[in-house]
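Let's take a walk through a protein model and see what its side chains are up to. Have a look at the sequence and the structure first, then read on.

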Amino acid sequence: MKKIHIAFFLTLLLTACDDGFDEMNVNPIALTAVEPAFQLNTAIVSSAPGYGNLSYETTIVKQMITPFSGSGSAANFNQDNRTVSNGNWNTYYRTIIRELVDVIAQTKDNPARVNLYNMTRIWKAYSFMVVTDTYGDVPYVQAGKSYLEGIVKPVYDTQESVYTDILTELDAASAALDASKTKVASDVLYDGDVVKWKRLGYSLLLRGAMRLSKVNPTKAAEYVAKAVAGGVMQSNADNAIIRHTASFTNPVGSQLNGGQSAFFYLDQEFVNFLQKNNDPRLASIAVRYVGAISGAQQVESRANRTPAVQIGAPQGYDNTTISSAVTASKLASLWDYSQLDKTRMAGLTAPSFLVTYAQTQLLLAEAAFRKWTTGNAATLYANGIRAHMQQLATYGANTAVAESAITAYLDANPLAAGKELEQINTQYWVASFLVGPETWANFRRSGFPVLTPNPYPGSDLKTEGFIRRLTYTDAELNVNKANVDQAIGRQGANLLDTRIWWDKK
């Protein structure tokens, strides 16, 4: 009888304790759901090029260079440093693609969110273009579905199939945007302006179509026509820009105003090209701390922004062997070379440009030259140059290029017969400065500008003069080995000089 009373008492006690227990242990201010529009914003702002952009992409295309070795060794020595080359992989798969896939899942069957759904499809296409252009074959169909479907070891899709779907998605999503439907007012890119999103989508469609210029020119021409018919960017007001603030600083600016401030320099070939052609953009880009013999002496009192005094750093050296080049150039030290100005274009709140009217005009110039669209290639070429020079004013009044200087440059550098592809794509190289993934992709696709390979001894390259792709991450090789091995067997060795699908000789 005593045991029965005890059992009954315990039952009452447990029941009483459980009454309201769930409610008591729920945090009343914790998020139980995330607004999908905010997830899209997270994906967009996370797309700003960062440190890896300096170490690989902008160095591969000879716009920036560091002679310093160590943990940051990368394209400066043509080395496969996977702690740096994994930057795009980790950023896009761990944050951007995961968010975008979730937003699409939440909005695809909701008519009230049709614009958010299609804006997200456009940014997903942009994101996967960056990823596949960097690595080649990548997880696509099954990517970002670990939470939604429990897929933790996604299959790798061929780059050809990825591009096929990217083009289809951009075409369909751009067309489906509807100004009569709910506006995504919190949109960080265009404040929900459907017209601008359409122009972005079709400009990306043009970009994606031009990637196929060597591997499938018929399909390239087909989608160029679709992009032009849909309506691409019409002015710099349509540029896809991430505007940074003191709370969300420019990732490149953060590096060059922080621990990397004295390590990165403008490349000799980039500076020489701008100087040789009296390009007024050099005055907006460069600064040289004349006579500096250490990073600590790179101070404003030594700053000289005059184009004529700029001297780019050569590739092929480390911080010890570069002393011979320093002496030959009659510099005080390697710290005397020209840098990207960290107070202007590399400022903490400098904007990040991702897709621009200038790039779009130059792609249209090439498409017109190839007879894939109507229009005058020379006019489109000049429009692209002018747009980029005008775009520099977005960084601030002290980077603006005077209209008279723009006109003088265009008069002195018209599109010349027989050199159209080289001139157009060389200007694309300049117009895409600091947009490393795009600059590198177009360099591989077009073969221009004509650059001298990095001669640094001990290169990891086996057959190529330039890095053609970045290698799969060690983490993927460990946890998703079977699928990675399948991709490697199909695409080629997991090396820096293995060419991706659209990168044909």
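Is Tyr265 buried or exposed? Tyr265 counts as buried, because its relative accessibility is 1%. Keep in mind as you read that this is a predicted model.

**Around Tyr265**

Where does this residue sit? Look for Tyr265 in strand S5, which covers residues 265–266. Asp157 is another story: it is 108 residues from Tyr265 in sequence, and the two C-alpha atoms are 37 Å apart in space.

**Two nonpolar cores**

In soluble globular proteins, nonpolar side chains tend to be buried together. In this model, the largest nonpolar core has 129 residues. Trp123, Trp197, Leu200, Leu266, Leu340, Phe433 and Ile467 are the ones with the most contacts inside that core. Which helix gives the most to this core? That would be helix H7 (residues 114–135), with 11 residues.

Apart from this core lies another, made of 11 residues, including Ile65, Phe68, Tyr265 and Tyr337.

Now zoom in on Phe433, one of the residues with the most contacts inside the largest core. Neighbours within four places in sequence left aside, Phe433 is in contact with Gln63, Met64, Leu266, Phe270, Ile285, Leu340, Met345 and Thr439.

**Rings meeting rings**

How many aromatic pairs does a search of the whole structure find? The search finds 20 of them. A pair of aromatic rings is described by the distance of the centres and the angle of the planes. Here are two examples:

| Pair | Centre to centre | Angle between planes | Kind |
|---|---|---|---|
| Phe77 and Tyr456 | 4.3 Å | 35 degrees | tilted |
| Trp89 and Tyr156 | 6.1 Å | 25 degrees | stacked |

Why does the Phe77 and Tyr456 pair tie together parts that are 379 residues apart in sequence? Because Phe77 lies in the loop between strand S1 (64–65) and helix H5 (82–85), while Tyr456 lies in the loop between helix H20 (436–446) and helix H21 (474–479). Phe77 is buried, with a relative accessible area of 1%, and Tyr456 is buried as well, with 15%.

The other pair in the table works across 67 residues of sequence, because Trp89 is in helix H6 (residues 87–107) and Tyr156 is in strand S3 (residues 156–157). Trp89 is buried at 6% relative accessible area, and Tyr156 is buried at 2%. These two rings also belong to one aromatic cluster, formed by Trp89, Tyr93, Phe128, Tyr135, Tyr140, Tyr156 and Tyr472.

**Charges over rings**

Lys226 lies over the face of Tyr223, 5.6 Å from the ring centre. Over the ring of Trp440 you'll find the charged end of Arg444, 3.7 Å from its centre.

Next up, some strands. Three of them make an open sheet in the order S7-S6-S8, with antiparallel pairing. Strand S7 (303–304) and strand S8 (338–340) are at the edges with a single partner strand each, so one side of each has no neighbour in the sheet.

How does S6 connect to its partners? Strand S6 (residues 286–289) is joined to S7 by 2 bridges, and Arg288 stands opposite Asn304 in S7. Between S6 and S8 there are 3 bridges, and here Ala286 stands opposite Leu340 in S8. Both faces of S6 are covered: Ala286 and Arg288 are buried on one side, and Val287 and Tyr289 are buried on the other.

**One last stop: Ser55**

Look for Ser55 in helix H4 (residues 51–60). Ser55 is buried, because its relative accessible area is 3%. Leaving out neighbours within four places in sequence, Ser55 is in contact with Gly72, Ala74, Ala75, Asn76, Val84 and Phe264.

Methods. Residues are numbered from 1 along each chain as its sequence is written. This is a predicted model: local features need pLDDT of at least 70, side-chain atom pairs count only at pLDDT 80 or more; totals for chains, interfaces and linings use all residues. Side-chain values use heavy atoms; hydrogens and water are left out. Rings of Phe, Tyr and Trp (its six-membered ring) pair if their centres lie within 6.5 Å; planes under 30 degrees apart count as stacked, over 60 as edge-to-face and the rest as tilted. Helices (H or I, at least four residues) and strands (E, at least two) are DSSP runs, numbered from the N terminus. Buried means under 20% relative accessible area, exposed over 50%, partly exposed in between (1.4 Å probe, protein chains only). A charge sits over a ring if NZ of Lys or CZ of Arg is within 6 Å of the ring centre and within 35 degrees of the ring normal. A nonpolar core is a set of buried Ala, Val, Leu, Ile, Met, Phe, Trp, Tyr and Cys residues joined through side-chain atoms within 4.5 Å. Contact means heavy atoms within 4.5 Å. Two strands pair if DSSP finds at least two bridges between them.
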